[in-house]
Amino acid sequence: MVISEYKIFDQYAEFIDQNRNVIFEILTEIATYKSIEDEIERSIRVLKNAASELIKENPPQINNIAIYHSSNAILYTFVLYCLIASAYTKNIYIRPSHQVSSPTSKIVELFTNHFKTPIKLCNFGQRTFAYNVGFSDVIIFTGRYENSLEVISRHKHHLFLFFGSGTNAMILGNNFDLEEFTNKSISSRIFNSGQDCMCPNIIFVPNSIVDDYATLLIKKLELLKYGPRNNPSVDYSDIFYEGVVEDVQKYLTENHKWVIYNKNREEVENNNLLHPIVLKSSIKNMAGIMEYFSPVFNIVAYDNFEELSQFLSNDHSLEHAMFLSVFGEETLSESLHNYYCISKNQTIFEFENGNYPFGGYGIKANFVKSENISVGKPILISKEIANHFNKIKNNESTNDNQESIKLSV
(Lines give C-alpha, C1' and ligand atoms only; values in the text may rest on other atoms or scores of the structure.)
Protein backbone atom coordinates (compact mmCIF):
# COMPACT_ATOMS: atom_id res chain seq x y z
CA MET A 1 0.00 0.00 0.00
CA VAL A 2 0.99 3.61 -0.45
CA ILE A 3 0.86 6.25 2.24
CA SER A 4 -2.14 8.02 0.63
CA GLU A 5 -4.29 4.97 1.37
CA TYR A 6 -3.83 5.64 5.08
CA LYS A 7 -5.09 9.24 5.01
CA ILE A 8 -7.55 8.32 7.76
CA PHE A 9 -4.68 8.57 10.26
CA ASP A 10 -4.18 12.24 9.42
CA GLN A 11 -7.91 12.73 9.90
CA TYR A 12 -7.73 11.09 13.33
CA ALA A 13 -4.78 13.31 14.27
CA GLU A 14 -6.57 16.44 13.10
CA PHE A 15 -9.69 15.38 15.01
CA ILE A 16 -7.70 15.05 18.24
CA ASP A 17 -6.10 18.45 17.68
CA GLN A 18 -9.47 20.09 17.04
CA ASN A 19 -11.14 18.44 20.03
CA ARG A 20 -8.55 19.16 22.69
CA ASN A 21 -11.07 20.87 24.98
CA VAL A 22 -13.43 17.90 24.85
CA ILE A 23 -10.57 15.47 25.51
CA PHE A 24 -9.34 17.55 28.45
CA GLU A 25 -12.87 17.60 29.89
CA ILE A 26 -13.07 13.80 29.65
CA LEU A 27 -9.60 12.91 30.87
CA THR A 28 -9.20 15.36 33.77
CA GLU A 29 -11.43 12.96 35.68
CA ILE A 30 -8.41 10.65 35.93
CA ALA A 31 -5.31 12.58 34.76
CA THR A 32 -3.57 15.90 35.32
CA TYR A 33 -3.73 18.65 32.72
CA LYS A 34 0.00 18.41 32.02
CA SER A 35 -0.06 14.65 31.49
CA ILE A 36 -3.06 14.98 29.15
CA GLU A 37 -1.16 17.57 27.11
CA ASP A 38 1.66 15.04 26.74
CA GLU A 39 -0.79 12.26 25.87
CA ILE A 40 -2.44 14.36 23.15
CA GLU A 41 0.88 15.30 21.54
CA ARG A 42 2.07 11.68 21.74
CA SER A 43 -1.16 10.47 20.12
CA ILE A 44 -0.95 12.97 17.26
CA ARG A 45 2.70 12.12 16.63
CA VAL A 46 2.11 8.37 16.48
CA LEU A 47 -0.85 8.80 14.12
CA LYS A 48 1.17 10.95 11.75
CA ASN A 49 3.73 8.13 11.54
CA ALA A 50 1.22 5.27 11.49
CA ALA A 51 1.16 4.94 7.70
CA SER A 52 4.92 4.47 7.55
CA GLU A 53 4.70 1.91 10.37
CA LEU A 54 2.10 -0.21 8.57
CA ILE A 55 3.89 -0.02 5.23
CA LYS A 56 7.06 -1.23 6.93
CA GLU A 57 5.44 -4.02 9.00
CA ASN A 58 2.80 -5.02 6.42
CA PRO A 59 0.24 -6.68 8.73
CA PRO A 60 -2.37 -8.75 6.87
CA GLN A 61 -6.11 -8.18 7.14
CA ILE A 62 -7.51 -10.10 10.11
CA ASN A 63 -11.02 -10.58 11.42
CA ASN A 64 -11.16 -9.85 15.15
CA ILE A 65 -9.12 -8.24 17.92
CA ALA A 66 -10.34 -8.25 21.53
CA ILE A 67 -8.81 -5.65 23.85
CA TYR A 68 -8.77 -5.56 27.64
CA HIS A 69 -7.95 -1.87 27.69
CA SER A 70 -5.47 0.05 29.79
CA SER A 71 -6.47 1.81 33.01
CA ASN A 72 -4.16 4.78 32.34
CA ALA A 73 -3.11 6.81 29.28
CA ILE A 74 -6.42 5.72 27.80
CA LEU A 75 -6.37 8.08 24.78
CA TYR A 76 -2.84 7.09 23.79
CA THR A 77 -3.44 3.36 24.22
CA PHE A 78 -6.74 3.70 22.31
CA VAL A 79 -4.73 5.15 19.43
CA LEU A 80 -2.15 2.34 19.62
CA TYR A 81 -4.52 -0.57 20.22
CA CYS A 82 -7.57 0.50 18.20
CA LEU A 83 -7.17 3.35 15.72
CA ILE A 84 -4.02 2.05 14.06
CA ALA A 85 -5.23 -1.56 14.14
CA SER A 86 -8.56 -0.51 12.56
CA ALA A 87 -6.73 -0.18 9.22
CA TYR A 88 -6.29 -3.95 8.97
CA THR A 89 -8.94 -5.43 11.30
CA LYS A 90 -12.59 -6.22 10.53
CA ASN A 91 -13.83 -6.02 14.14
CA ILE A 92 -12.18 -4.53 17.24
CA TYR A 93 -13.86 -5.25 20.57
CA ILE A 94 -12.73 -3.04 23.45
CA ARG A 95 -13.50 -3.63 27.11
CA PRO A 96 -12.69 -0.64 29.36
CA SER A 97 -10.91 -1.24 32.65
CA HIS A 98 -13.61 -1.05 35.34
CA GLN A 99 -12.00 1.83 37.24
CA VAL A 100 -11.96 4.07 34.16
CA SER A 101 -15.00 2.71 32.36
CA SER A 102 -16.69 6.10 32.03
CA PRO A 103 -13.83 8.17 30.54
CA THR A 104 -12.71 5.25 28.33
CA SER A 105 -16.23 4.87 26.97
CA LYS A 106 -16.40 8.61 26.30
CA ILE A 107 -13.10 8.55 24.39
CA VAL A 108 -14.23 5.58 22.29
CA GLU A 109 -17.62 7.17 21.57
CA LEU A 110 -15.99 10.49 20.67
CA PHE A 111 -14.36 8.74 17.71
CA THR A 112 -17.00 6.16 16.82
CA ASN A 113 -19.70 8.85 16.70
CA HIS A 114 -17.64 10.86 14.22
CA PHE A 115 -15.90 8.18 12.16
CA LYS A 116 -17.05 4.90 10.68
CA THR A 117 -14.79 2.44 12.46
CA PRO A 118 -14.74 -1.32 13.20
CA ILE A 119 -14.43 -0.50 16.92
CA LYS A 120 -17.15 -1.88 19.20
CA LEU A 121 -17.40 -0.81 22.85
CA CYS A 122 -18.14 -3.68 25.25
CA ASN A 123 -18.94 -2.65 28.82
CA PHE A 124 -19.00 -6.22 30.12
CA GLY A 125 -17.37 -7.99 33.01
CA GLN A 126 -14.22 -9.93 32.19
CA ARG A 127 -15.93 -13.32 32.06
CA THR A 128 -18.81 -12.10 29.89
CA PHE A 129 -16.40 -10.30 27.59
CA ALA A 130 -14.23 -13.41 27.25
CA TYR A 131 -17.30 -15.53 26.48
CA ASN A 132 -18.49 -13.14 23.77
CA VAL A 133 -15.12 -12.50 22.06
CA GLY A 134 -13.43 -15.83 22.69
CA PHE A 135 -13.26 -16.38 18.92
CA SER A 136 -10.91 -13.44 18.35
CA ASP A 137 -7.73 -13.84 16.31
CA VAL A 138 -5.80 -11.55 18.68
CA ILE A 139 -6.23 -10.80 22.39
CA ILE A 140 -4.55 -7.70 23.84
CA PHE A 141 -4.44 -7.53 27.63
CA THR A 142 -3.13 -4.68 29.77
CA GLY A 143 -2.82 -5.24 33.51
CA ARG A 144 -1.29 -7.56 36.05
CA TYR A 145 0.68 -10.61 34.97
CA GLU A 146 -1.33 -12.93 37.24
CA ASN A 147 -4.57 -11.67 35.68
CA SER A 148 -3.18 -12.21 32.19
CA LEU A 149 -2.78 -15.93 32.90
CA GLU A 150 -6.39 -16.15 34.00
CA VAL A 151 -7.53 -14.32 30.86
CA ILE A 152 -5.47 -16.63 28.64
CA SER A 153 -7.28 -19.63 30.08
CA ARG A 154 -10.61 -18.23 28.90
CA HIS A 155 -9.71 -17.70 25.26
CA LYS A 156 -9.13 -19.79 22.19
CA HIS A 157 -6.98 -17.42 20.23
CA HIS A 158 -4.18 -17.31 17.71
CA LEU A 159 -2.13 -14.56 19.34
CA PHE A 160 -2.05 -13.10 22.86
CA LEU A 161 -0.23 -9.81 23.57
CA PHE A 162 0.38 -8.83 27.19
CA PHE A 163 1.33 -5.31 28.28
CA GLY A 164 2.24 -5.19 31.96
CA SER A 165 4.64 -3.06 33.97
CA GLY A 166 8.24 -3.07 35.16
CA THR A 167 10.52 -1.47 37.71
CA ASN A 168 11.73 1.03 35.07
CA ALA A 169 14.83 2.08 36.97
CA MET A 170 16.62 5.37 36.45
CA ILE A 171 20.40 5.21 36.87
CA LEU A 172 22.73 8.13 37.45
CA GLY A 173 26.19 7.28 36.17
CA ASN A 174 29.33 9.40 35.98
CA ASN A 175 29.75 12.90 34.57
CA PHE A 176 26.09 13.84 34.26
CA ASP A 177 24.72 17.12 35.57
CA LEU A 178 23.08 16.48 38.94
CA GLU A 179 20.46 19.20 38.59
CA GLU A 180 19.39 17.98 35.15
CA PHE A 181 19.11 14.42 36.43
CA THR A 182 17.06 15.65 39.39
CA ASN A 183 14.69 17.53 37.09
CA LYS A 184 14.29 14.49 34.84
CA SER A 185 13.66 12.16 37.75
CA ILE A 186 10.97 14.50 39.07
CA SER A 187 9.25 14.88 35.70
CA SER A 188 9.23 11.09 35.27
CA ARG A 189 8.10 10.14 38.76
CA ILE A 190 5.51 12.93 39.09
CA PHE A 191 3.90 12.31 35.67
CA ASN A 192 0.15 12.24 36.28
CA SER A 193 0.92 12.27 40.00
CA GLY A 194 2.93 9.07 39.50
CA GLN A 195 -0.05 7.18 38.06
CA ASP A 196 1.52 5.78 34.91
CA CYS A 197 3.15 2.41 34.20
CA MET A 198 6.23 4.16 32.76
CA CYS A 199 7.05 6.05 35.96
CA PRO A 200 10.33 4.84 37.53
CA ASN A 201 9.90 2.82 40.72
CA ILE A 202 13.57 3.00 41.70
CA ILE A 203 16.30 5.62 41.23
CA PHE A 204 19.91 4.44 41.50
CA VAL A 205 22.46 7.09 42.50
CA PRO A 206 26.20 6.72 43.27
CA ASN A 207 26.84 6.52 46.99
CA SER A 208 29.32 9.40 46.74
CA ILE A 209 26.61 11.90 45.71
CA VAL A 210 23.40 10.31 46.95
CA ASP A 211 23.05 12.81 49.81
CA ASP A 212 23.53 15.73 47.42
CA TYR A 213 20.88 14.28 45.12
CA ALA A 214 18.42 13.68 47.96
CA THR A 215 18.89 17.21 49.29
CA LEU A 216 18.38 18.78 45.86
CA LEU A 217 15.42 16.52 45.13
CA ILE A 218 13.61 17.48 48.33
CA LYS A 219 14.35 21.15 47.73
CA LYS A 220 12.72 20.93 44.31
CA LEU A 221 9.80 18.83 45.55
CA GLU A 222 8.99 21.60 48.03
CA LEU A 223 8.35 23.90 45.05
CA LEU A 224 5.86 21.62 43.31
CA LYS A 225 2.28 22.80 43.14
CA TYR A 226 -0.64 20.65 44.26
CA GLY A 227 -4.17 21.26 43.03
CA PRO A 228 -7.10 20.05 40.91
CA ARG A 229 -6.40 17.97 37.82
CA ASN A 230 -7.93 20.51 35.44
CA ASN A 231 -5.52 23.28 36.49
CA PRO A 232 -2.75 23.71 33.83
CA SER A 233 -0.25 25.02 36.38
CA VAL A 234 -0.58 22.10 38.81
CA ASP A 235 2.25 19.56 39.11
CA TYR A 236 0.36 16.82 40.95
CA SER A 237 -3.16 16.12 42.13
CA ASP A 238 -5.23 13.61 44.09
CA ILE A 239 -4.74 9.90 43.50
CA PHE A 240 -7.56 8.62 41.31
CA TYR A 241 -7.11 4.84 41.40
CA GLU A 242 -8.66 2.71 44.12
CA GLY A 243 -6.42 1.06 46.67
CA VAL A 244 -3.27 3.05 45.85
CA VAL A 245 -3.24 5.21 48.99
CA GLU A 246 -3.86 2.20 51.24
CA ASP A 247 -1.10 0.20 49.51
CA VAL A 248 1.38 3.07 49.87
CA GLN A 249 0.51 3.58 53.54
CA LYS A 250 1.13 -0.12 54.18
CA TYR A 251 4.39 0.08 52.25
CA LEU A 252 5.55 3.09 54.29
CA THR A 253 4.79 1.27 57.52
CA GLU A 254 6.92 -1.67 56.39
CA ASN A 255 9.74 0.57 55.10
CA HIS A 256 9.53 3.46 57.56
CA LYS A 257 13.22 3.40 58.49
CA TRP A 258 14.17 4.51 54.97
CA VAL A 259 11.70 7.41 54.70
CA ILE A 260 13.52 10.76 54.66
CA TYR A 261 10.74 13.03 53.41
CA ASN A 262 6.99 12.73 53.94
CA LYS A 263 4.64 15.68 54.40
CA ASN A 264 1.55 13.47 54.52
CA ARG A 265 -0.28 13.45 57.82
CA GLU A 266 -1.68 10.24 59.21
CA GLU A 267 -5.17 11.71 59.29
CA VAL A 268 -6.18 14.03 56.47
CA GLU A 269 -9.53 15.26 55.26
CA ASN A 270 -8.74 14.18 51.70
CA ASN A 271 -8.06 10.44 51.75
CA ASN A 272 -7.00 10.46 48.09
CA LEU A 273 -4.11 12.89 48.56
CA LEU A 274 -0.49 11.81 48.60
CA HIS A 275 2.18 14.49 48.64
CA PRO A 276 5.61 13.40 47.32
CA ILE A 277 7.46 10.90 49.51
CA VAL A 278 11.19 10.12 49.44
CA LEU A 279 12.96 6.98 50.66
CA LYS A 280 16.73 6.47 50.68
CA SER A 281 18.49 3.16 51.16
CA SER A 282 21.50 1.20 49.91
CA ILE A 283 21.66 -1.55 47.32
CA LYS A 284 23.19 -3.70 50.07
CA ASN A 285 20.19 -3.05 52.34
CA MET A 286 17.31 -1.84 50.22
CA ALA A 287 13.86 -0.53 50.83
CA GLY A 288 11.18 -2.64 49.20
CA ILE A 289 10.14 -2.03 45.61
CA MET A 290 6.59 -1.89 44.32
CA GLU A 291 4.64 -0.21 41.55
CA TYR A 292 3.68 2.85 43.59
CA PHE A 293 1.28 4.54 41.14
CA SER A 294 1.86 7.66 43.25
CA PRO A 295 4.62 10.28 43.77
CA VAL A 296 6.99 8.01 45.73
CA PHE A 297 10.72 8.48 45.07
CA ASN A 298 12.68 5.36 45.99
CA ILE A 299 16.39 6.32 45.99
CA VAL A 300 18.92 3.51 46.23
CA ALA A 301 22.64 4.23 46.61
CA TYR A 302 25.21 2.00 44.90
CA ASP A 303 29.02 1.83 45.04
CA ASN A 304 29.92 0.39 41.64
CA PHE A 305 28.37 -0.80 38.39
CA GLU A 306 29.23 -4.43 39.11
CA GLU A 307 26.87 -4.65 42.07
CA LEU A 308 24.26 -2.69 40.13
CA SER A 309 24.54 -5.13 37.21
CA GLN A 310 24.19 -8.05 39.61
CA PHE A 311 21.00 -6.62 41.07
CA LEU A 312 19.50 -5.93 37.64
CA SER A 313 20.41 -9.47 36.59
CA ASN A 314 18.84 -11.37 39.48
CA ASP A 315 15.85 -13.58 38.73
CA HIS A 316 13.23 -11.20 40.12
CA SER A 317 14.64 -8.20 38.25
CA LEU A 318 14.80 -10.10 34.95
CA GLU A 319 11.20 -11.31 35.30
CA HIS A 320 10.11 -7.66 35.48
CA ALA A 321 12.73 -6.29 33.07
CA MET A 322 11.27 -3.45 31.03
CA PHE A 323 13.04 -0.09 30.70
CA LEU A 324 16.32 1.30 32.05
CA SER A 325 17.05 5.02 31.78
CA VAL A 326 20.81 5.55 32.11
CA PHE A 327 22.33 9.00 32.50
CA GLY A 328 26.03 9.70 32.10
CA GLU A 329 28.89 7.25 31.65
CA GLU A 330 28.50 3.70 32.93
CA THR A 331 29.96 0.23 32.52
CA LEU A 332 26.92 -1.93 33.14
CA SER A 333 27.03 -5.54 32.03
CA GLU A 334 26.52 -5.90 28.27
CA SER A 335 24.13 -8.79 28.95
CA LEU A 336 21.55 -6.33 30.31
CA HIS A 337 20.87 -5.22 26.74
CA ASN A 338 19.40 -8.67 26.17
CA TYR A 339 16.72 -8.03 28.78
CA TYR A 340 16.06 -4.30 29.07
CA CYS A 341 15.14 -1.56 26.65
CA ILE A 342 17.84 0.97 27.56
CA SER A 343 17.59 4.69 26.93
CA LYS A 344 20.65 6.92 27.15
CA ASN A 345 20.34 10.35 28.82
CA GLN A 346 16.58 10.28 28.23
CA THR A 347 13.61 9.49 30.42
CA ILE A 348 11.25 6.76 29.27
CA PHE A 349 8.74 9.45 28.33
CA GLU A 350 11.32 11.11 26.09
CA PHE A 351 12.47 7.80 24.63
CA GLU A 352 9.19 5.92 24.05
CA ASN A 353 7.87 5.89 20.47
CA GLY A 354 4.50 4.29 19.78
CA ASN A 355 5.50 3.30 16.24
CA TYR A 356 8.24 1.01 17.58
CA PRO A 357 8.20 -2.01 19.93
CA PHE A 358 7.40 -1.17 23.55
CA GLY A 359 8.83 -2.69 26.72
CA GLY A 360 11.57 -5.09 27.70
CA TYR A 361 12.11 -8.84 27.84
CA GLY A 362 10.79 -9.64 31.31
CA ILE A 363 8.00 -12.22 31.10
CA LYS A 364 6.02 -10.35 33.78
CA ALA A 365 6.56 -7.01 32.04
CA ASN A 366 5.24 -7.97 28.61
CA PHE A 367 5.01 -11.10 26.50
CA VAL A 368 3.76 -12.53 23.24
CA LYS A 369 2.05 -15.91 23.32
CA SER A 370 1.44 -17.95 20.20
CA GLU A 371 1.35 -21.69 19.56
CA ASN A 372 1.43 -22.27 23.35
CA ILE A 373 4.79 -20.52 23.67
CA SER A 374 5.17 -17.27 25.64
CA VAL A 375 8.13 -15.01 24.92
CA GLY A 376 9.00 -11.87 26.87
CA LYS A 377 9.86 -9.17 24.35
CA PRO A 378 9.13 -5.56 23.37
CA ILE A 379 5.82 -5.42 21.49
CA LEU A 380 4.62 -3.52 18.45
CA ILE A 381 1.12 -4.76 17.65
CA SER A 382 1.34 -4.44 13.86
CA LYS A 383 4.72 -6.21 13.84
CA GLU A 384 3.54 -9.16 15.94
CA ILE A 385 0.38 -9.57 13.88
CA ALA A 386 2.43 -9.47 10.67
CA ASN A 387 4.96 -12.01 11.98
CA HIS A 388 2.30 -14.38 13.23
CA PHE A 389 -0.34 -14.34 10.51
CA ASN A 390 1.98 -13.97 7.54
CA LYS A 391 3.79 -17.06 8.82
CA ILE A 392 0.48 -18.94 8.98
CA LYS A 393 -0.44 -17.71 5.51
CA ASN A 394 2.92 -18.83 4.09
CA ASN A 395 2.59 -22.25 5.72
CA GLU A 396 -0.90 -22.66 4.30
CA SER A 397 0.38 -21.61 0.88
CA THR A 398 3.18 -24.17 1.09
CA ASN A 399 0.73 -26.89 2.10
CA ASP A 400 -1.60 -25.96 -0.77
CA ASN A 401 1.27 -26.18 -3.23
CA GLN A 402 2.36 -29.54 -1.86
CA GLU A 403 -1.19 -30.86 -2.12
CA SER A 404 -1.49 -29.55 -5.67
CA ILE A 405 1.74 -31.24 -6.69
CA LYS A 406 0.64 -34.41 -4.98
CA LEU A 407 -2.64 -34.50 -6.89
CA SER A 408 -0.99 -33.76 -10.22
CA VAL A 409 1.45 -36.65 -9.99
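Colleague: What covers the buried residues of helix 2?
Modeller: In this predicted model, the cover includes helix 1 (7-18), helix 3 (33-48), helix 5 and helix 6 (101-112).

Colleague: Which residues of helix 2 are buried?
Modeller: Within helix 2 (residues 20-27), they are Ile23, Phe24, Ile26 and Leu27. These residues lie on the same side of helix 2, because the arc they cover around the axis is only 165°.

Colleague: And which residues are exposed on the other side of helix 2?
Modeller: Asn21 and Glu25 are exposed there.

Colleague: Turning to Glu39, where does it lie?
Modeller: Glu39 is part of helix 3.

Colleague: Is Glu39 buried or exposed?
Modeller: Glu39 has a relative accessible area of 9% and counts as buried, because the cut-off for that class is under 20%.

Colleague: What does Glu39 touch, leaving aside residues up to four places away in sequence?
Modeller: Glu39 touches Leu27, Ala73, Ile74, Leu75 and Tyr76. With Ile74 there is a polar approach: a polar atom of the Glu39 side chain lies 3.2 Å from the backbone nitrogen of Ile74.

Colleague: Now Ser70, please. Where does that residue lie?
Modeller: Ser70 sits in the loop that runs between strand 1 (62-68) and helix 5 (74-83). Its relative accessible area is 4%, and Ser70 is buried.

Colleague: Which backbone oxygen does the side chain of Ser70 reach?
Modeller: That of Asn72, at 2.6 Å.

Colleague: And which residues does Ser70 touch, with those up to four places away in sequence not counted?
Modeller: The contacts of Ser70 are Thr77, Ser97, Val100 and Thr142.

Key:
Residues are numbered from 1 along each chain as its sequence is written. This is a predicted model: local features need pLDDT of at least 70, side-chain atom pairs count only at pLDDT 80 or more; totals for chains, interfaces and linings use all residues. Side-chain values use heavy atoms; hydrogens and water are left out. Helices (H or I, at least four residues) and strands (E, at least two) are DSSP runs, numbered from the N terminus. Buried means under 20% relative accessible area, exposed over 50%, partly exposed in between (1.4 Å probe, protein chains only). A polar contact is a pair of N or O atoms within 3.5 Å; within protein, one must be able to donate a hydrogen and the other to accept it, and residues adjacent in sequence count only if both atoms are side-chain atoms. Contact means heavy atoms within 4.5 Å. The arc is that of the directions from the helix axis to the C-beta atoms.
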